[in-house]
Structure formats: structure tokens, C-alpha cells
Amino acid sequence: MCGIIGYVGYRNTVPVLVKGLEKLEYRGYDSAGVACIDYQKGGISLIKEKGKLSVLKEKIGDFSIEAHIGIGHTRWATHGEPSRANAHPHIDASGKIALVHNGIIENYAELKHSLQKKRVRFLSQTDTEVGANLIGHYYRKSRKLFDAVKRAVGELHGFFAFVLFSKEDPETLIAYKRSNPLVIGLGQGENFVASDVTALLPYTRQVIYLEDEDLAVITAKEVSVYSLKSKSWVRRHVSTVHWDASQAQKQGFPHFMLKEMHEQPEVLKKILSKKIQKGKSIFFDTLDKKFQQSLRKIKRVSMISCGTAYHAGLLGSIAIEQYTRLPCRTQVSSEFRYGDPILDHEDLVVLITQSGETADTLAALREARSKGAITLAVVNVVGSTVAREADAVIYTHAGPEIGVASTKAYIAQLSTLILLAFHIARLRKTISLSELKGLLREFKKIPDQCAKMLKENKKFEECAQKHYTRRNFLYLGRGCNYPTALEGALKLKEISYAHAHGYAAGEMKHGPIALIDHEQPVICIAPDSTTYDKMISNIQEIRARDGIVIAIGTKGRKELEKMADDFFPIPKTLEILSPILTVVPLQFFAYHIAVLNGRDVDQPRNLAKSVTVE
Ligand code: G6P
């Protein structure tokens, strides 16, 4: 959370920073700001405002600044309320250093206290200003910004990234990374640094992903990286980004979320064409022989993730247990990492994350590695920290996802985890070749089936029209579609702010049934499955109490259609694959309810796409 950007080069800086912040705004939108060295005046110009980037843009319109170096920030508040004073960039007390920050400085309170004793004045409640002032304190002594940052970060606890400059050296940006992401974009006579490659794509595809404890010195002509870990100057690998910049645009859709939902069939096609070979084997190009060998020997599996990715992990666990017969647990990263998990070299720990930067998932990965487990990252963002730190990675190929509510990345995670389960099952010979061929035949139908469902948009909207003023929704599912119930409820609450609760249908009698009356909508996910009859019984129980039934089931299930107030059919498929389809109506339902309520679909309040604080 929080997006940071820096630029040094021949272009006029402020428009570059603002354009970058537009791409990073999904990371936080409590306030935004830019600081640069004004070419004419020679001093620091600082413009920051509470609220979204649009407020800042309006303010910037009043200024005409020519600058060739600058930094920008879009904030998700941690320390200090969203306000202009707490907005970044922050300037140190001497007025010489401007800094933007993503993450948390854990020992900021004691450092602030000791700086205050030295008569340093603070203007905000943020931990960031402590970082700026500590650097400023050492800069006053050494007059060398690089040395001052190096010294200061050694005293700061927590996980964070900084980008800063001093008005006394108008040619140089300094960037520092500890856990939170920073990527440098390499240009001709200009260079960039940002939290995320999407901000760099309009200018360059050549990037350097900084590693932890890297301190980069960035000028228009060159980039040098010093590793505080190895205590030496290092040469970091230059990667080429293959993402298409147009993927990060709305392309005529009113919201990124809607656009991303419509991209789902293509994402599925891409995954299947990349990972299925000749309809009879699964191929993960990023898993080497040694890693595959280790997959044959594992005794247990854990699926660890947060938010939507956690729901994908729940289905991944079912697939692993069903096809590989290995025991598999699913846990949210924050519980796993503090739970002192019992792990050894026979454990496979799968970290599922769209961004590859979620702080708790990253910490869970480190915990698993420290205990000797084999770690595998299932990640969307190429080159992200989780992808780089795990023993192996499988990419989910969903392309950039900008809408805060995850859609296409979720179905990409589901598909990838199911394929992973099939793959491990073949390695361990717990399914036969002909079984696998049958499974893959059905899998290959999924992209077209998903495309067909997108055409039902009008029906989803009509259903949302009926219910958008309601404040409570219950989602029920069983087995493979219990995770779908959780995901459907999460989608609705995230973007519409209505209360929505996902529950295992078998547990309805143990509590939620008390909620049911003629005003309670219950979304029942009941495709053909081994528990279909049980779901029907649950729906009867809801009907008997006058509840409103919105059902999702397999096409042709007349009895279900009759029982439901609204029925959304999915094409016939295997139970294990059904969650890829059943989630689609739920995404649309949530989307339309949010739009009808006038919510900010792509940037819901209080949320951020990438949660890089614990
Ligand atoms: C945030 C996002 C969710 C996402 C979760 C985990 O809460 O708003 O959409 O599912 O983080 O993120 P990750 O990047 O690890 O999948």
C-alpha cells in the first residue's frame, strides 16, 4: 500500500510523476503529493492534498513548475489520519530533503522523541517524517546524502521503501528497499523508480527489481546499486517487461473491474495453452527438474494467502487432497506466520498472491523457508518479492489487475492451483494418464463456457436492481463451492459496503438460519456436485422460512430453477472446475450493486490493492 514514484531526466517532471501516480493509485488513495526541484527557483516545490489524485491534479493546474527531478506519492494511511499534513512527500526540518515512503517504521516513536530532544520540529503524525528527519540529521553532519541514508536506515526497524532527493544535489535520487517493492525503469538520458512496473510502462520496458537492503543512486545518466547486505556495489540484473501498457487502461469500460471480468476467458485460454501440452500433460516452464523431483517426495502441503487469494487456496487444498491424496491445510498468512507452524523439508508451502508483495504472505514465506519447507509461489506480478524469494514460482498470467476487487487474478489462481494438483498427482502417480486426459478435456471447455456467461450481464444487472438497497446478504456453498460463497460475499462487501457473509451451507442450521425471513437474500451456489442434494435441502429450508433465494446451478436443473427467485445457470462441468464459472455471476452481482449504490468500484474506501503493511 502506498505508491511511490521518482523521476530524473530531460522531461518536465511533474506530469511524469502524476501520470505514474495514476497507475499507482490503486495502492492507496487517502492523499497524494509531489515534490520536485524547481528549475527556475532552485528550491523544493511541494504540492500535496488530502483525497484522491484528482484533487492533487486540480491543485497542480494552478502552478507552472519546470523541474527535472522529483518524487510522488499516493497514500494509504497507517500512521496519522488522511490529511494534508500527513500526506507525502515529507520534507525534513532543514527544508533540504524531500522523501516518499511505503511501509512502516516500527520504532518511529522513540526516534521521534530523541530527535525532538535535539530540537527537530515535526509537522505531521507520520512515521515517514521521522525517516526524513533522521536522514536530515545525519546529512547535516556528513553533507553526503548517500552516507546519511545508509546510516539512518540502519537505525530504522520495520519494512519499507524510500525515494528521496536533496535540493543541494539536484541531479540525484536515492532509493532504498527493505521488503516493500521498488523497481527502477531505465531510460535514455532519464531514469525512473516506482513501486510497480505499471507506472514505468509508458516510458520503458527495461527494469531492475531492487533487492532487499539495496540502496540505489539514480541520476539521469546512470543507476548504481549498493547492497547493504553484501556491503558492496553490485550489478543487478536488467529484466524486460512483457506486459502490454494498454492492458493497464480501461479500454472503453466504465471501470477496471468490469474490464477485468471481461478478460477472464482470455486469461483462462492463456493459462491452459501455456500449461497443457498435447492434451495429456501439464508443463510449468518455471519448475526445474530438481524442484519436480522434490514434489515427488513431499508428505504435506500448505496453501497460504490473504483475501481473495485465500479463497483460491481453499479450492487448491481440495484439489490437492482429492487428486494427490496428500494432506493439505489452508491458512491465512497472518495466522500461519504467528502460529509457529510445524514444518520440515517434507512440507510444500504454496504462497498464493496476486501482487507478490503482501506483507503477511511474504513473512509467511520467510517463516516457511526458515523452517526448511519447500516453498512455491503462485504469483501474478512477474519479478515481485514473493516470486523471487520462493524456491520456485508459477506465474498466473492474468496481466495487470488494477481494480482493487480481484476478479481475473482469482480465476487465474483457481485454474493454476487445479493444474498444480493434477501435475503433482501425475508425478506421484495418484491419477492415471487417461484420467488426466479426461480432466483436461473438460478443462479446455472452460474459457468458452466462461465467455458465454459474460453475455448474461443484463440478467445479472436486473437481479442487482431488485436487491441493491438491501444491507445484508448471505452466501452459501458446499465443498468446492464453499470458497465461492466466501469469495462472492467478499466481492460484495468490498465494493458495495453492504454486509455479506459467506458460510458453509451445512453450517446454516448452526446459526445463520436465524437470520432468514422474507427480507433476507440468500445466494446459494449449487452446481452439480456430490453435495447437490444437500444444497437442495438447504434451499428448501430457506424457502420454508420465506427467504429470498438467488441460485447458481447447472443449466437444465429445473427443480432448482423453480425453487429460486432468480436462477443463474452455468454450463455443465466437473465439480472441481465449477468454481471458475460459479464465481462469475457473483462478480457481476457485486459489481452492479456497487454501481447502483454509486460506490467507487475500482477504489473502494479504506482498501488497497497491495497490502504491504502487516
Ligand atoms: C488486498 C486486496 C485483495 C487481495 C488481497 C491479497 O486485500 O484488496 O484483492 O486478494 O489483498 O493480495 P495478494 O496480492 O497477496 O493476492
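How many salt bridges does the count come to by the rule used here? The count comes to 36 salt bridges, where a salt bridge is a side-chain nitrogen of Lys or Arg within 4 Å of a carboxyl oxygen of Asp or Glu.

The model is predicted, and local features need pLDDT of at least 70, side-chain atom pairs count only at pLDDT 80 or more, while totals for chains, interfaces and linings use all residues. Residues are numbered from 1 along each chain as its sequence is written, and side-chain values use heavy atoms, with hydrogens and water left out.

**Domains**

Begin by colouring domain 1 (3-248), domain 2 (258-444) and domain 3 (457-596) of the protein chain; these bounds come from an automatic or database domain assignment. Between the C-alpha centres of domain 1 and domain 3 the distance is 45 Å.

**Salt bridges**

Select Lys-269 and Glu-266, a salt bridge whose closest N and O atoms are 3.5 Å apart. Both belong to helix H7 (residues 264-275), where three residues, about one helical turn, separate them. Helices (H or I, at least four residues) and strands (E, at least two) are DSSP runs, numbered from the N terminus. Lys-269 is partly exposed, at a relative accessible area of 38%; buried means under 20% relative accessible area, exposed over 50%, and partly exposed in between (1.4 Å probe, protein chains only).

Next, select Glu-487 and Lys-491, whose salt bridge has its closest N and O atoms 2.6 Å apart. These two residues are four residues apart in helix H17 (residues 482-496), about one turn of the helix. Glu-487 is buried at 0% relative accessibility, and Lys-491 is buried with a relative accessible area of 0%.

Move on to Asp-528 and Lys-572, a salt bridge with 3.4 Å between the closest N and O atoms. This pair links distant parts of the chain, 44 residues apart: Asp-528 is in the loop between strand E25 (521-526) and helix H18 (532-544), and Lys-572 is in the loop between strand E27 (566-570) and helix H20 (578-596). Asp-528 is buried, at 16% relative accessibility, whereas Lys-572 is exposed, at a relative accessible area of 60%. Then select Lys-177, Asp-212, Arg-366 and Glu-389, which salt bridges with shared partners join into one network.

**A helix crossing**

Display helix H8 (residues 289-297) and helix H13 (residues 408-427), whose axes come within 9 Å and cross at roughly 75 degrees. Axes are lines fitted to C-alpha atoms, for helices over the stretch in contact, and angles run from 0 to 180 degrees between N-to-C directions. H8 and H13 are therefore roughly perpendicular to each other, a term for angles of 65 to 115 degrees. In this contact (heavy atoms within 4.5 Å), Gln-292, Leu-295 and Arg-296 of H8 meet His-423, Ile-424 and Leu-427 of H13.

**A residue of strand E25**

Centre the view on Ile-525, in strand E25, which is buried with a relative accessible area of 1%. Beyond neighbours within four places in sequence, the contacts of Ile-525 include Leu-476, Met-535, Ile-552 and Leu-586.

**Backbone details**

Most residues other than glycine have a negative phi, and most peptide bonds are trans. Select His-88 and Pro-89, where the peptide bond is cis with omega near -5 degrees; Pro-89 lies in the loop between strand E4 (67-75) and strand E5 (90-91). Glu-213 has a positive phi, near 70 degrees, in the loop between strand E11 (206-209) and strand E12 (214-218). End at Tyr-497, not a glycine, with a positive phi of about 70 degrees, in the loop between H17 and strand E24 (499-504).

How values were computed
Parallel < 35°, antiparallel > 145°, perpendicular 65-115°, else oblique.
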